[in-house]
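Please read it alongside the sequence and the structure.

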Amino acid sequence: LDHIPSVGYSSWLGSYISAFKYVRNAAQILQEGYAKHKDAPFKVPTLHRWFVIISRNHLQDIQKFTEDELSVGEYATGHCWHADYLIGPEIRSNPHHITDGGTYFTRNFGLYHPNIKDEVHTAFEELLDLKENAWKSVPAMKTMREIVCRVSNRVIVGLPLCRDPDWIDLNCRFAVDVAIDANILNMFPTFLVPFVSKILPTTAADMQRAMKLLDPIIKERLECMREHGDEWSDKPNDALQWFMDRKMGCTTRHLTINMVTANFASIYVFTQALYNLAAYPQYVGLLREEVEAVIQQYGWTKEAMALMWKVDSFLAETLRLQGVTVASIHRKAMKDLTLSDGTFIPKGTHLLVPTCVFHRDSSVYEDPDTFNPFRFSQLRDDGDENARYQMVGVTRDYLPFGCGKHACAGRYLAATELKTMLAHILTSYDVKLEDRVSRPINMHWELHILPNPTARVMFRRRNNS
């Protein structure tokens with residue numbers, strides 16, 4: 001990769017100094033590289049490998065190349081996350097399962113929204129446990145993480161497992177455990193990874209724990225399927241049953257892998273949105289006014305969620321400034337490639353698109369570092385109702401869900417869950433930060449953006465809720 005310019009030191013020893021800086025300052029380093037090299041590729045060192053950073057002008061290249069040429073699956077299961085070793089080789093067997101499931105739930109979402117709304121209401125009531133009209137302080141990240149897990153799992157595994165404290169605890173920590181074990185494996189040469197992975201206890205223990213919880217439920221459902229066929233009274237309406245109906249790996253292990261990996265998304269996004277809601281109370285009135293007007297006319301329905309433009313915009317702006325990662329698009333070159341600008345990409349190179357840079361580009365967004373919750377709804381109000389201005393939109397300038405055919409298939413489901421939760425808070429509670437004047441500061445670890453884990457938010461039940 002000598003022909004591609006570097007940000008930071010490029011010597012063997014110097015690159016490790018730059019790599020340690022990258023751990024806590026990835027966004028700053030990517031911004032520096034983009035300012036210096038503009039639309040030309042550049043590379044940055046990490047503790048594990050070099051990454052080649054490409055611009056928005058290369059998005060067409062990303063979409064043009066096939067999976068055999070530029071792979072997203074190899075990045076996820078191979079040399080970065082090592083999911084095939086940590087979670088199991090079954091994750092490679094049919095990578096379209098989750099995509100197909102996301103498409104199905106998007107098309108049939110009206111069937112599932114009543115369950116989501118029920119779980120949102122129940123989870124907030126049980127986990128906040130508010131008394132009278134008094135303010136109560138809660139650990140924001142921990143509480144919201146459990147609520148999001150319960151709501152997501154109501155669709156993924158259904159009742160009663162979605163409320164099982166052991167299952168919720170497992171799903172809250174699983175993505176973090178995989179990331180920790182993957183970072184440990186990345187410290188070893190490739191030929192040692194299969195052996196070291198066998199002695200890492202965390203992810204393997206999580207998988208055994210998940211299978212123990214799911215196995216009796218799967219066996220019970222298989223018995224009902226053998227006895228009653230495709231339909232029976234009280235047949236579950238969730239992702240687990242959808243996979244089982246389609247005979248998509250009906251072993252306990254395979255189904256468990258599909259269920260726990262479906263929880264990777266959206267765990268931290270809602271905590272960021274809650275911090276914004278509490279930090280900027282001047283916007284609550286307009287948001288609440290929109291929600292109450294829409295609910296009064298359409299009720300708590302899928303159609304109502306689609307009409308909450310300001311709520312959608314609030315979440316889109318949260319993702320623009322405080323997304324899950326500073327680079328939402330990752331690929332690995334499976335063969336030698338040449339980009340449209342003539343840049344040669346050798347086989348095995350890891351590519352990143354620095355979406356955090358695009359999301360703060362002053363040539364695209366006015367006052368880009370300022371949280372403007374109605375930025376996107378104002379664009380829709382100006383007469384363009386195009387999906388490009390929605391939370392789930394995918395454009396050259398807004399990419400929290402990736403791009404092209406590999407854009408997150410579950411983003412429509414996730415968006416509706418998040419909007420339902422935010423609308424519920426607006427109609428049911430008042431919120432404020434505890435002992436803070438400004439928004440809690442995020443944490444950064446390599447590509448990841450994490451909500452402040454210790455900040456507390458105060459809730460009070462509204463008089464008319």
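Which residue in β12 does V431 stand opposite? V431 stands opposite F459.

The model is predicted, so local features need pLDDT of at least 70 and side-chain atom pairs count only at pLDDT 80 or more, whereas totals for chains, interfaces and linings use all residues. Residues are numbered from 1 along each chain as its sequence is written, and side-chain values use heavy atoms, with hydrogens and water left out.

1. Strand β9 covers residues 429-433; strands here are DSSP runs of E with at least two residues, helices are runs of H or I with at least four, and both are numbered from the N terminus. The covered face of β9 carries Y429, V431 and L433, while D430 and K432 lie on the uncovered one. In a regular strand the side chains alternate between the two faces of the sheet. Strand β12 (residues 456-461) runs antiparallel to β9, and 5 bridges join them; two strands pair if DSSP finds at least two bridges between them.

2. The open sheet. The order β1-β2-β8-β5-β3 describes an open sheet of 5 strands with mixed pairing. Because β1 (42-45) and β3 (70-71) stand at the edges with a single partner strand each, one side of each is left without a neighbour in the sheet. The pairing of β3 with strand β5 (residues 329-333) is antiparallel over 2 bridges, and S71 has K332 in β5 as its bridge partner. Helix α1 (residues 12-37) packs on this sheet and touches β1, β2 (50-53) and β8 (350-353); the direction of α1 makes about 160° with that of β1. Contact means heavy atoms within 4.5 Å.

3. Helices α11 and α13. The axes of α11 (residues 201-228) and α13 (residues 252-261) come within 9 Å and cross at roughly 110°. α11 is therefore roughly perpendicular to α13. Axes are lines fitted to C-alpha atoms, for helices over the stretch in contact, with angles from 0 to 180 degrees between N-to-C directions; under 35 degrees counts as roughly parallel, over 145 as roughly antiparallel, 65 to 115 as roughly perpendicular and the rest as oblique. Among the residues in contact are M207 and L214 of α11 and L255 and M259 of α13. The contact of α11 with α13 divides into 9 nonpolar, 2 polar and 2 charged residues, where Ala, Val, Leu, Ile, Met, Phe, Trp, Tyr, Cys and Pro count as nonpolar, Asp, Glu, Lys and Arg as charged, and the others, Gly among them, as polar.

4. Helices α15 and α20. Helix α15 (residues 284-298) packs against helix α20 (residues 411-428) at about 105°, with the axes 9 Å apart; the two are therefore roughly perpendicular to each other. V284, L287, R288, V291 and E292 of α15 meet A423, L426 and T427 of α20. By class, this contact of α15 with α20 has 5 nonpolar, 1 polar and 2 charged residues.

5. Helices α7 and α8. An angle of about 150° and an axis separation of 9 Å describe the packing of α7 (residues 113-128) and α8 (residues 140-156), which makes α7 roughly antiparallel to α8.

6. Position S377. Not counting residues up to four places away in sequence, S377 touches W309, K310 and S313.

Notes:
Buried means under 20% relative accessible area, exposed over 50%, partly exposed in between (1.4 Å probe, protein chains only).
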